[in-house]
Amino acid sequence: MHITLCLLTRNERECLEKIYPLIPPPSREAGYDDLVAIDGGSTDGTLEFYKERGVRVIGQSRRGRGEAFLLAFRDLQSDAFLFFSPDGNEDVADLPKFRKHLEAGADLVIASRMMKGAVNEEDHQVLRMRKWANNGFNLLANLMFRKQGPYITDSINGYRAITARATRILQLDSRDYTIEYQMTMRAMKHGLNIIEFPTVEGQRVAGETGAPSVGTGLRFIRKLWTEARIK
Ligand SMILES: Nc1nc2c(ncn2[C@@H]2O[C@H](COP(=O)(O)OP(=O)(O)OP(=O)(O)O)[C@@H](O)[C@H]2O)c(=O)[nH]1
Ligand SMILES: [Mg+2]
């Protein structure tokens, strides 16, 4: 199975300097056969960083994290896509873990920050607002859409892999930060095989978030509502 690792960035030069050197070159053992960056219009030297290292870049004509996913599905020839955000949140050590699940027949593989054995970046805090909100979105998605398989504990995490076959079934169209939630809800609706494994979430190593919590949360609620209304 040919798997393409997709690095998702918008103005992440500082993070890339720390994280990119930790990403092994493509190989069977690394967990992917190809590496491509999908960039949402960086102006901070991210594109120069890639160019200096000979990394293939797909530039977006429209901004948005979901847009990057849709471009990968449209423009890349691969059996599966593994998405990685090189800002420190996602553990490089997990990159080789996706392949065995995909090759065993999973349609969607999610690194979960919520299941037993996982660590969420808020777990050391008493108030875990983001985690609680995410668990609310998880509960609703499972109650409303899940047809088979285990309870999905992290329906919105971006650290995930999906087969090309599944993308053709799901016909995703979210262009913003709701892309992963839409992907999980539709995979549930279609009864696809979703597998999770536990991951340890790290802190962003530099720069700033592009996803303010409250605004993004409202978008998730709207997306849930939309998915509930369509078949
Ligand atoms: N290709 C692409 N990537 C994007 C876009 N917007 C954000 N990203 C990347 O998506 C990843 C996740 O975005 P973040 O802003 O870190 O969101 P977050 O992980 O919820 O927030 P933090 O907790 O601060 O890390 C980062 O690697 C961003 O650079 C976009 O329009 N296009
Ligand atoms: Mg992040």
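**View 1. Surroundings of ligand 1 in the predicted model.** Ligand 1 is surrounded by 19 residues, a residue being near the molecule if its C-beta atom, placed from the backbone, lies within 6 Å of it. The closest are G40, A68, S85, T209 and G210. By class, this shell holds four nonpolar, eight polar and seven charged residues; Ala, Val, Leu, Ile, Met, Phe, Trp, Tyr, Cys and Pro count as nonpolar, Asp, Glu, Lys and Arg as charged, and the others, Gly among them, as polar. At least two shell residues come from each of β1 (3-9), β2 (34-39) and α3 (65-75). Helices (H or I, at least four residues) and strands (E, at least two) are DSSP runs, numbered from the N terminus. This is a predicted model, in which local features need pLDDT of at least 70 and side-chain atom pairs count only at pLDDT 80 or more, while totals for chains, interfaces and linings use all residues. Residues are numbered from 1 along each chain as its sequence is written, and chains are lettered from A and ligands numbered from 1 in the order in which they are written.

View 2. β1 and β2 run parallel and are joined by six bridges; two strands pair if DSSP finds at least two bridges between them. L5 lies opposite L35 of β2. Together with helix α1 (residues 13-19), β1 and β2 form a right-handed β-α-β unit, meaning that, with the strands pointing away from the viewer, the path from the first strand over the helix to the second runs clockwise. β2 is also parallel to strand β3 (residues 56-59), with four bridges between them, and D39 faces G59 in β3. The crossover from β2 to β3 passes through helix α2 (residues 46-52) and is right-handed.

View 3. Five of the five residues of β4 (residues 80-84) are buried, that is, 20 or more other C-beta atoms lie within 10 Å of their own, C-beta atoms being placed from the backbone. A80, L82 and F84 lie on one side, F81 and F83 on the other. β4 pairs with β1 in the parallel sense over five bridges, L7 having F84 as its bridge partner. With strand β6 (residues 160-163), β4 pairs in the antiparallel sense over four bridges; here F83 stands opposite R160.

**View 4. The largest nonpolar core.** This core has 53 residues, being a set of buried Ala, Val, Leu, Ile, Met, Phe, Trp, Tyr and Cys residues joined through C-beta atoms within 7 Å. C6, L82 and L108 have the most contacts inside it. Helix α7 (residues 179-189) supplies the largest share, six residues.

Key
Buried ≥ 20, exposed ≤ 12 C-beta atoms within 10 Å, placed from the backbone.
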